[in-house]
Amino acid sequence: MLRIPATDEGTIGDCPAILGWQAAHTHGEANGMNQIRDDRNITNGWEIPTESYSDQPYIVQTDDGAWLCAVTTGSGHEGAGGQHIVSMRSADMGRAWAEPVDVEPAAGPEASYAVMLEVPAGYPNAGRVYIFYNHNTDNIRKVIADTDTYPDGTCRRVDSMGHYVFKYSDDCGGSWSEKRYEIPMRTMEIDRRNPYRGELKFFWNVGKPFIHEGAAFCSLHKVGGFGEGFFTSNEGVLLKSDNLLTELNPERIVWETLPDGEIGLRTPPGGGPVSAEHSYVVLSDGSFCAVYRSIDGYPVEAYSRDGGHTWSVPQYRRYADGRLMKHPRAANFHWKCANGKYLYWFHNHGGRFVRQHPQRRPHGYEDRNPVWFSGGIEVDTPDGKVIQWSQPEIGLYDDDPYIRMSYPDMVQEGERIFLTETQKDRARVHEIAPELLGAMWSQFEVAEVATEGLVLALPESGEAMPVSAPMPDLSPFLERDHSRADYGTRDLRQGFSVDLWFRLDSLDPGQVLLDNRTANGQGFCLQSTNQCTIEIVLNDGRTESRWDCDPGIIEPGKRHHLVVIVDGGPKIISFVVDGKLNDGGEVRQFGWGRYNPNLRGVNASVVPALVSSDMQRPVGRESQQGRMQTLRIGPDVDGEVLSVRIYDRHLLTSEAIGNFRGWELRS
C-alpha cells in the first residue's frame with residue numbers, strides 16, 4: 001500500500017497519475033507551529049510516494065521528457081522482508097507521480113538498491129533504460145556473522161548479498177523486462193576472506209552508473225562481513241561493459257571488474273577497513289574521480305587516469321585551502337553539472353571524534369543533518385585535472401536534529417538543479433537555489449562586501465570608531481501567530497550576522513568586543529573566553545545560547561576578521577575567521593553549533609534598567625535612562641575594534657569570505 005499525501009486524480013500522458021503531491025503541511029505545522037517557508041527545510045520538498053521505508057530515490061530523464069524514479073521501498077524497516085524496487089514517472093519535475101510500477105514484487109526475495117542508466121542518443125539502444133540492483137535470488141535467509149554482534153553467529157538481514165542483476169525498459173519506464181540478467185563480478189581478496197570464501201558474495205551499491213568513451217560503468221561496493229555497524233569492511237569496484245550501449249540482446253552483454261588486481265578502492269594507507277558508497281564523476285580530460293565514505297572521520301577520494309584500471313593512492317578530501325574536509329559514515333556524493341562545475345553533498349563534521357570513538361562503526365552513522373554543499377571547479381596539476389572544492393554552505397536540513405537525510409540524486413533541467421533525498425521514511429525532491437550554487441562556484445575569486453540586509457556599518461567614512469552607537473532593531477526570530485486558534489508560535493526562520501575586524505593584544509577572558517545587552521542580560525554580545533576564543537552570547541530574557549570560534553586561531557597582537565552567522569533556518573551558529581569557516585579542527589567534532597529553537601530574538605529589553613536615581617524618583621517621573629538600544633563597542637578590550645557590520649539576515653559562508661577579501665583589498 002502506497003502512502004499518498006493527496007489524492008487529486010489526473011493523468012500524465014497516457015498514465016494515470018495522482019496529482020497534488022506537493023507537501024501541503026510543513027513538518028513544523030504538523031507539530032503545531034506555523035513557519036515562514038525555507039526551501040532548505042526538507043519538509044518543503046515534493047514527496048515521492050513510497051510504501052513506508054524509502055531509499056535511494058534516483059532519477060533518470062527519459063527520451064519523452066519525463067523523470068523516471070526508482071526507489072527501494074517496503075512496508076517494514078530497512079532490510080526487512082518484502083523490500084523491493086518500484087519505479088514511477090513524473091511529467092512535471094517531481095511535483096506529481098504516476099502509479100508506481102513493480103520492478104520486482106514485494107512477494108519475491110529481497111530486491112534492493114537500484115540505480116538506472118539511460119542509453120543516450122547516437123547508440124543503437126538509444127532511449128533504453130537499464131536498472132541495476134541487488135537480488136537475493138537464492139532466497140538465503142541468514143548468513144554467518146560476527147558473534148560479538150550476533151550472539152548466534154548469524155545475520156538475518158539479507159538484502160546486501162546474492163546476485164547483481166539488471167532489467168531494462170524500452171518504453172521509458174512504463175514496464176520492465178520480465179527476465180532479469182546477472183552481471184558477473186570477479187572474485188577478489190575481500191570476497192575470499194568472507195566466511196564463504198567468495199562462493200557467496202556480499203555487496204550492495206548506491207553509486208550511479210556513468211558512461212565514458214562508449215563504455216558503461218556500474219559502481220559496486222564489496223562487503224567483507226557482517227558485525228558491529230553491520231558492514232565490517234568494504235571496498236569499491238567498477239563493473240565495465242564495452243557493449244551495453246550497442247548490444248540489443250542483453251544475453252550478449254559482457255562485463256569486466258575494475259580495478260585490475262585483487263584490491264578495490266580502499267581508505268588511505270593506515271586508514272580504517274570501511275570504504276563504501278563510491279560516487280564517480282568524469283572530468284573534462286577523461287579522468288575519473290571517486291569519493292566515498294569511511295569510519296576515519298573524513299571522506300576519501302581517488303583519481304584514475306586510465307579508465308578505472310588503476311587509481312591514485314587514496315587520500316582524504318580537502319578544501320582548496322588545504323584543510324581536510326570532515327565527514328562521518330554517511331553517503332557523500334558529487335555530481336558534474338552542465339556548466340562543467342561540480343556539486344558535493346556531505347555533512348561537515350567528524351575528524352578524530354569519529355575515528356577515535358570506541359564504537360566508531362555505529363557511531364559514524366549519526367548526525368546527517370544538516371546537509372552541507374561544496375562547489376567544485378577543475379584545476380590543472382602535473383598528473384591531470386583535479387577538482388578544487390569551496391568551503392561549504394548549509395544546503396538542506398530538518399528541524400529534528402535526529403532526522404538523517406541521505407542517498408541523494410541530482411537532476412538538471414536547463415539551468416535548474418534539483419536534488420532528491422530520503423530520511424528512510426519519506427523521499428522528496430528539492431530545487432536548489434541558483435544563488436547558493438553560484439556563490440559556491442564563485443567563492444574562489446569573490447572579493448566584494450555584501451550589502452543586502454546591512455543595517456549598521458561602523459565607523460562612518462572618515463570617522464573614528466565610536467565607543468557606542470544606536471543599535472537598530474533586528475527582526476524577531478519567533479512571534480505569536482494570531483491566525484491560529486491557539487495563538488501559538490510562528491517561526492520566522494530569521495537570523496542575523498555580525499562582521500568585525502579587531503585586534504586583541506591579549507587573550508584574557510571577558511574582553512567584550514560588542515554588546516547590546518541590557519542589565520537583565522537580554523540581547524547579544526561578543527566576548528573573549530578562557531579558551532582563548534571569541535564567543536557569541538544570545539539572550540532573549542528567557543533563553544540563552546552561546547557558541548564560540550575554534551580554539552587556536554585568535555592570536556594576540558594580530559588583526560583578525562570574524563563573522564558570526566546565526567542562521568534561523570536550521571538554528572545553527574557558525575564562525576568564519578579570516579576567511580575560513582570553522583569546522584572544529586582537532587579540538588571538537590563540530591565547528592558549528594545549534595542554538596535554542598525557542599530563542600525569540602536578540603534585541604535588548606525595551607524596559608529600562610533601574611539605577612540608583614530611579615529608586616529615588618517620584619511616581620510619574622520618566623526614568624533617566626533612554627529606551628533606544630545601544631551597541632557598546634570594545635568597552636573592555638585590550639586592543640581595538642576596527643570595523644563593525646551587522647546584517648539582519650544570515651550571511652552565506654561565501655559572502656563572509658567575500659567580506660574578508662573585500663576589506664583586505666580596500667585596505
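Biologist: In which sense do strands β5 and β6 pair, and over how many bridges?

Modeller: Strand β5 (residues 53-61) runs antiparallel to β6, and seven bridges join them. A strand here is a DSSP run of E of at least two residues, numbered from the N terminus, and two strands pair if DSSP finds at least two bridges between them. This is a predicted model, in which local features need pLDDT of at least 70 and side-chain atom pairs pLDDT 80 or more, while totals for chains, interfaces and linings use all residues. Residues are numbered from 1 along each chain as its sequence is written, and side-chain values use heavy atoms, without hydrogens or water.

Biologist: Which residue of β6 is the bridge partner of Tyr53?

Modeller: Tyr53 is bridged to Gly74 in β6. β5 and β6 make a hairpin with five residues between them, and Gly65 in the turn has a positive phi of about 90°.

Biologist: Is β6 enclosed or open?

Modeller: Burial is read from relative accessible area: buried is under 20%, exposed over 50%, and partly exposed in between, with a 1.4 Å probe and protein chains only. Eight of the eight residues of β6 (residues 67-74) are buried, so the strand is largely enclosed by the rest of the structure. Trp67, Cys69, Val71 and Thr73 are covered on one face, and Leu68, Ala70, Thr72 and Gly74 on the other.

Biologist: How many aromatic pairs are there in the whole structure?

Modeller: Rings of Phe, Tyr and Trp (its six-membered ring) pair if their centres lie within 6.5 Å; planes under 30 degrees apart are stacked, over 60 edge-to-face, the rest tilted. The search finds 34 such pairs. In one of them, Trp204 and Phe231 have ring centres 4.2 Å apart and planes at 15°, so they count as stacked. Trp204 is in strand β16 (residues 202-204) and Phe231 in strand β19 (residues 230-241), 27 residues apart. Both Trp204 and Phe231 are buried. Phe333 and Trp335 form an edge-to-face pair, with 6.4 Å between centres and 85° between planes; these two residues are buried as well.

Biologist: Which residues do ring pairs link into a cluster?

Modeller: The cluster consists of Tyr130, Phe132, Phe166, Tyr168, Tyr181 and Trp255. Tyr168 also has the charged end of Arg128 over its ring, 4.1 Å from the centre. A charge sits over a ring if NZ of Lys or CZ of Arg is within 6 Å of the ring centre and within 35 degrees of the ring normal.

Biologist: How many salt bridges are found, in turn?

Modeller: A salt bridge is a side-chain nitrogen of Lys or Arg within 4 Å of a carboxyl oxygen of Asp or Glu. The whole structure has 46. One of them joins Glu277 to Arg293, with the closest N and O atoms 3.0 Å apart. Glu277 belongs to strand β21 (residues 276-282) and Arg293 to strand β22 (residues 288-293), so this pair ties together parts 16 residues apart in sequence.

Biologist: Are Glu277 and Arg293 buried or exposed?

Modeller: Glu277 has 1% relative accessibility and counts as buried; Arg293, at 2%, counts as buried too. Asp380, which meets Lys385 in a salt bridge of 2.9 Å, N to O, is exposed at 60%.

Key. Helices (H or I, at least four residues) and strands (E, at least two) are DSSP runs, numbered from the N terminus.
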